[in-house]
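Subject: Structure for you to look at

Hello,

Below is the structure I said I would pass on. Please open it first, then read my notes with it beside you.

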Amino acid sequence: MNIREYAAYSCGGADWTQAFIHAIDDLRAQGGGVLTVPAGDYPTGSIRLYDNMTLEVQSGARLAFHQDDKAYPLILGEYQGDVLMVHQSCIYAQDARNITVTGYGTLDGQGEYWWEKVAKDDLPHPRPHLVCFHRCEHVVLENLTLINSPVWTVHPLRCRNVVCRGLNICNPYHSPNTDGIDPDGCQDVRISDCTIDVGDDCIAIKSGTELTPARDCSERIIITNCHFICGHGGVVLGSEMSGGVRNVVVSSCVFYGTDRGIRLKTRRGRGGVVEGVQISNLVMENVVCPFVFNMYYGGRVAKPEEKYYWDKEPHPVDERTPQLKDVFITGVRARGCTAAAAFFYGLPEMPVQGITMKDVIVEMGDGYVEEAGMMANSPDLRRAGIYMRNAVNVDLRGVEVHGAEGDWLVADDSVKLV
């Protein structure tokens, strides 16, 4: 089926929303199929897909999503772990199976409209994602160019068996909260061969907050053969991680100009366990800090006036206490790093447990520096070595730090090496 067959519903080509609705209704009536979008510009509102559907956006085709709140109906969804009414995403599916969005065309979220509303604090409801799959199974998103997303670009939420392959994602560096790919409470996710250049985290693995009513663990996630350019973090775990993150592999990726390379961010009150993280064969250049594992992240909900969140003294361990354990890092080359070679800061009552770094070489350089761990009252780090607090069972064999000001390892008695 070709969307051009429904051109009569396109208002002379000015608005293809009804054309997509009618075409998808016809596909749904026959149990699914392929909707082809040939070369050309297609201004449209939100597009919703259903079981057994493929949306093929061919080379030269551009879906230009309207800059108008009314083009995105309000639905019950989640944003940053909160359950609330949100604008339906530009491309959306819910409770569906066998969904593919493919082709060498472009999805343009035209997000400037939404970014300006953020700056004016004029957002009664959260912005639409460019692509969101909610409680879907067997989802494929491949080969497309995705630009100017209103907020997170690709958001698989509570999905299973997700493939993101060959994507080119580009959002301006100043665009707020425009993460690249954010699997959220998902299982069996494969992200490969993508180039991501965004205004926030390139990939952020999430699993809800302490305020999310139902939290699913994000697990069995593979990220490989990707290129990360700019962004606050290359591959990030959290900060929404109350449901846990488990069994993650990051391999054969290049990071250029991201603030951080691999990052974990969590804090007291959030709970959840991050474990079984395997990181290998990475190249990083001009990254402020290659590895940041911080259990004192500020972030949403944390109240700076409450000592519980920032206190460096131990607190009782309970379901609100986050855990980080079993992280293996090998075969990493990083150069031009400015803040620290690595930053690991656990809780005194729950140290980071089991960090292995082997065959890791970091070269420090001069340039832009900010708080490496994004934590209140963090140490002033500039060209520091590996900075560690509250970490046990730490194995640092075959690790080299060149050009650091001071010791290559900055640790105290709270760190236990093997």
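In which strand is the place of Thr36? The answer is strand S1, which runs over residues 33-37. Before going further, please keep in mind that this is a predicted model.

**Thr36**

Start with the surroundings of this residue. Thr36 has a relative accessible area of 13%, so Thr36 is buried; the cut-off for that word is under 20%. Leaving out residues up to four places away in sequence, Thr36 touches Met1, Asn2, Ile3, Glu56 and Gln58. With one of these, Glu56, there is also a polar contact from side chain to side chain, at 3.1 Å.

**The whole protein**

The protein contains three helices and 34 strands. Its C-alpha trace spans about 70 × 40 × 40 Å along the principal axes. What radius of gyration would a compact globule with 418 residues have? It would be near 22 Å, and the protein has 22 Å, so the two agree.

Of the 418 residues, 58% count as buried. The accessible surface comes to about 15,800 Å², and carbon and sulfur atoms hold 48% of that.

One more total concerns how the chain meets itself. Take the contacts with a separation of 6 or more: 75% of them are between residues 24 or more positions apart. The residues described below give some examples of contacts.

**Leu324**

Leu324 sits in strand S27, residues 323-337. Its relative accessible area is 0%, so Leu324 is buried. Not counting residues up to four places away in sequence, Leu324 touches Leu264, Val274, Phe293, Met295, Pro351, Val352 and Gln353. Take Met295 from that list: Leu324 and Met295 are 29 residues apart in sequence, while their C-alpha atoms are 8.6 Å apart in space.

**Tyr387**

Is Tyr387 buried or exposed? Tyr387 has 9% relative accessibility and therefore counts as buried. Tyr387 lies in strand S30, which covers residues 384-389. Setting aside residues up to four places away in sequence, Tyr387 touches Ala342, Phe343, Phe344, Tyr345, Pro379, Leu381 and Val410. Between Tyr387 and Val410 there are 23 residues of sequence separation, but the C-alpha to C-alpha distance is 4.7 Å. The side chains of Tyr387 and Arg389 are joined by a polar contact of 3.4 Å.

**Gly45**

Gly45 is in a loop, the one between strand S2 (40-44) and strand S3 (47-49). Gly45 has 1% relative accessibility, so Gly45 counts as buried. Which residues is Gly45 in contact with, leaving aside its neighbours within four places in sequence? They are Asp15, Thr17, Phe65, His66, Ala71, Tyr72 and Cys90. Gly45 and Gln88 are 43 residues apart in sequence, and 9.8 Å apart in space from C-alpha to C-alpha.

**Backbone points to check**

Most residues other than glycine have a negative phi, and most peptide bonds are trans.

Gln80 has a positive phi, near 50°, and is not a glycine. Gln80 is found in the loop between strand S6 (74-79) and strand S7 (82-87). With a relative accessible area of 18%, Gln80 is buried.

Arg383 also has a positive phi, near 55°, in a residue other than glycine. Its loop lies between strand S29 (352-364) and strand S30 (384-389). The relative accessible area of Arg383 is 19%, so Arg383 is buried; again, the limit is under 20%.

Finally, which two residues does a cis peptide bond join? The bond is between Gly238 and Ser239, with omega at about 5°. Ser239 is in the loop between strand S22 (233-238) and strand S23 (245-256).

Regards

Conventions: Residues are numbered from 1 along each chain as its sequence is written. This is a predicted model: local features need pLDDT of at least 70, side-chain atom pairs count only at pLDDT 80 or more; totals for chains, interfaces and linings use all residues. Side-chain values use heavy atoms; hydrogens and water are left out. Helices (H or I, at least four residues) and strands (E, at least two) are DSSP runs, numbered from the N terminus. Buried means under 20% relative accessible area, exposed over 50%, partly exposed in between (1.4 Å probe, protein chains only). A polar contact is a pair of N or O atoms within 3.5 Å; within protein, one must be able to donate a hydrogen and the other to accept it, and residues adjacent in sequence count only if both atoms are side-chain atoms. Contact means heavy atoms within 4.5 Å. The radius of gyration is taken over C-alpha atoms; the globule rule is 2.2 Å times the number of residues to the power 0.38. Accessible areas come from the Shrake-Rupley method with a 1.4 Å probe; for residues, only the protein chains shown count as cover.
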